[in-house]
Amino acid sequence: MAPFPLAPRTLAVCAVLILAAGVGGAETPVEAAPGEATYRVRCAACHTAQGKDMGPTLDAMRRMSYGQVLFAVTRGKMREHTRGLRREEFGALVAFVAGDSGADAADVPLCPDGAISLDATVPGWGFGPPNTRFQRETGIDAANVASLELAWAFGLPDVAEGRSHPVVTSDTVFVAAVSGSVFALDRDTGCTKWRHAAGTPLRTPLSLGRAGSRDALFFGDVSSTVHAVDALTGAPIWKREVGLFDASTLTGGIAQHEGQLFVPVSAFGVALAQNPEYECCKSHGAVRALDAATGEIRWTTRMTPPAEKTYRSDVGTQMWGPSGAAVWTTPTVDAQRGRIYIGTGENTSTPATDLSDAIVALDMETGEIAWSFQATAGDAFNMACGFRKGPSCPKEDGPDFDFGATPVLTRLPDGRDILVAGQKSGVVHALDADDGTVLWQTRLSDGTALGGVHWGIAVSADRVVVPIADPEFPLPGYTPRPGVHALDLATGEVAWTHAAERGCALDGSPRGAGEAWPECSFFYGFSAAASATEHLAFAASLDGTAYAFSLADGAILWSYDTVRPFETVNGVDAHGGAIDNPGIQIAGDMLFVQSGYALFGQMPGNVLLAFRLPEG
């Protein structure tokens, strides 16, 4: 039983869900033993405490919703691992992994006053179109940040991670749970103003904009559907399927300029390749422009040419390529030049192409590529590479040094506009916005597939705030250097460094013998996106601690350990864990952080925490 259980779902409901997914389901109750046996054969190697591939532990997955687990193994990245199961085996497996689910979020009472103002201080991922993650509208400063107090906690139902970046206005916090619900919460008290049930797992940032004449929240789900929802009521406005392949998905936020939306399309062929019988890979990344009022698709720019047959693997499976170059990042809008900028991922099969591991400038009106800068050539990688090298690993066997962090558009003191982009290689690049010319490059670490710059950097005046993840993996020639750095914007020189330390001794197993929240966390680097104010840099670590640093010298001015249980305003039992992806949001006299991230074997959690300066 999970420590924060949700309301029990009947096996009949489970069977309906499985049938709806197109895989069939058992109509009679199934015993736990068959499901456990299938789990041990099909899943345990990557989901146990000793598993080097560091998938979510079984304990973490039992904090997820039944629907989230169901989607992963029927239509998502784990579907190749369940291929060939009979329907009764399939039903037993999902029931075993999901465990006993919990209290329906629809039962949460609503605020007595549900009024909503839409003067957003955090309208989306980058705090604005240039994606600087700089917050001007705040009273939190170096003198008072240490006095921040926990104001309220909200339990995200049926999840093991906080992933979707919230939107914050003067009176409302909009947040999505991976399990499929979007909530509008009162900023002062955390009570619920409305709830929208999307019906599919959600993991993209929320973006506030306009759908024709209506104020709207835009977000995407794992099935590659873009949703437009009325921001005042939570009522649906429109939905549009934008996937290009059955392995397409949405990860980055949706950017808007005037009446047009820019949607980054990623893909999970990188995970499907673990099955040696999977014909890897045909899917690739793209950007699609949509009409904001209707969702109609205006143009599409693909990041690789169509895949063709290449060679047969060592086990005789047909390989395809090129593929990959997924677009994980939220597009950066440059209204002056009429462009958007994106970062791309590695190729997922041979041959490698010239738009992988790249920063790409696209024309807003046509989608034509204005310029591109490739940081790492020849990087073809998938999850058949790594610790358990399989036959579907590309010939290049690349380092997986993609751009998962959104590029930032900012201006030098001499008036030149530049893009600053952090890469999983541990390198930060500064490029001329006009043509992509390299201005400076600074290496901060060796980088790995889970290292370097993961989710995002921040820029404040003449400082670039850079978090480095760098897990302690035993790789040849690799020295982990997790921490937080401040760079000079004009030169890339390091102004200060906070070197992360574990500060405890591991018990001998990579993940605390399978404990959800071990006394000593294997992961302790800084993977979540950074954010900044005029005088402060905010970053959060994978061991669950939120920090405020002095932007001037890197001194720690405030910290808070989130790995603990919390009493929540909505009555959902909650616990903090690793902090990743959306990082910390600052707005007015408040600060918001989601704690819990179990995707790579990190500590699970399901809580949104709101901190506030004390009155007076």
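Strands, as the term is used here, are DSSP runs of E with at least two residues, numbered from the N terminus. In this predicted model, Pro322 lies in the loop between strand 16 (318-321) and strand 17 (332-334). The peptide bond that joins Gly321 and Pro322 is cis, with omega at about 5°.

A cis peptide bond also joins Cys280 and Cys281, where omega is about -5°. Cys281 belongs to the loop between helix 7 (269-272) and strand 13 (286-291). Most peptide bonds are trans.

| Residues joined | Omega |
|---|---|
| Cys280 and Cys281 | about -5° |
| Gly321 and Pro322 | about 5° |

Phi angles are considered next. Most residues other than glycine have a negative phi. Asp397, which is not a glycine, has a positive phi of about 45°. Asp397 is located in the loop between strand 20 (369-374) and strand 21 (408-411). For Asp400, also a residue other than glycine, phi is positive and near 65°. Asp400 likewise lies in the loop between strand 20 and strand 21.

Are these aspartates buried or exposed, or partly exposed? Buried means under 20% relative accessible area, and exposed means over 50%, with partly exposed in between. The relative accessibility of Asp397 is 31%, so Asp397 counts as partly exposed. Asp400 counts as buried because its relative accessibility is 7%.

Technical notes. Residues are numbered from 1 along each chain as its sequence is written. This is a predicted model: local features need pLDDT of at least 70, side-chain atom pairs count only at pLDDT 80 or more; totals for chains, interfaces and linings use all residues. Side-chain values use heavy atoms; hydrogens and water are left out. Helices (H or I, at least four residues) and strands (E, at least two) are DSSP runs, numbered from the N terminus. Buried means under 20% relative accessible area, exposed over 50%, partly exposed in between (1.4 Å probe, protein chains only).
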